[in-house]
Amino acid sequence: LSAQVVEGETKGSNNERPEWMRDLNKRQQKFVCGCLGITSWDGKDIPFYVETMPKINDVVWVKITQVNDTSAVVQLLEYGKREGIIPYTEVTRRRVRSMGKLIKVGRTEPAQVIRIDKDKGYIDLSKKLVTPNEAKACEAHFRQGKEVRSIVCHVGELCDIPAMDAMEMIAYPLYQREPGKHAWTWLYELNQTEDVERILGPLKLDKAISDCLMSTLKNAMRLKVL
């Protein structure tokens, strides 16, 4: 069975799950989901980072949620679905007859932050300023961040810790520990070296949480993202 099929089947109540899943107890079901990199709580509203806003010139991964006559409304998926705007003047450098071919609701793609009004919470972004290399790097960074969030929230679920608390205990400190180093890289190193003291020691986690994280990493972490 593919992870995608199982993920679709495992949503909903226990009675809605496939027969082979119903024969497992709750902990066994969580273990199966963990092996496939799936968590029953997807954490989609939890920010990847402790920062609540991006910086100007950051390239971020967005989802287009609405299109009107002058702009596209997007969600910044790494920042708890905070909303931003892509003006049509920032969509492309080319002259086109219909923006509908370039901007479609539901599409995810990279965009560069060009203006921020922190008082009002407005974020303006540009699609046309993003280079192909920046787009590729942004997607890889997003996928790694998404996997970090999924793993950490899964650990929180297993340890009966609220998702946001789990992120504050594990993911956010790893992001802040060494400038420019992704939390995914720390978790990858942890999974490969099992050097719990060096990597998790500064986080001062309970042993039960550390053990749960190690177990989840062994079962769920992909060796390569993108």
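1. Strands (E, at least two residues) and helices (H or I, at least four) are DSSP runs, numbered from the N terminus. Residues are numbered from 1 along each chain as its sequence is written. This is a predicted model: local features need pLDDT of at least 70, and side-chain atom pairs count only at pLDDT 80 or more, while totals for chains, interfaces and linings use all residues.

2. Now the strands. E1 (residues 59-67) pairs with E4 in the antiparallel sense, over five bridges. Two strands pair if DSSP finds at least two bridges between them. E1 also pairs with E2 (residues 71-76), again antiparallel and over five bridges. There, Lys63 has Gln75 of E2 as its bridge partner. E1 and E2 form a hairpin, with three residues between them.

3. Next, confidence. pLDDT is the predictor's confidence in each residue, from 0 to 100. The protein averages 83, and 76% of the residues score at least 70. Among the elements, strand E4 (residues 108-117) has the highest mean, 96. Helix H1 (residues 3-10) has the lowest, 40.

4. Take care with residues 1-17, where pLDDT stays under 50. Where pLDDT is low, the predicted coordinates should not be read in detail.

5. Last, the cysteines. The whole structure has zero disulfides. A disulfide here is a pair of cysteine sulfur atoms within 2.5 Å. Cys212 is buried (under 20% relative accessible area; exposed is over 50%, partly exposed in between; 1.4 Å probe, protein chains only), at 13%. Cys138 is buried too, at 5%.

Definitions and conventions. Side-chain values use heavy atoms; hydrogens and water are left out. Contact means heavy atoms within 4.5 Å.
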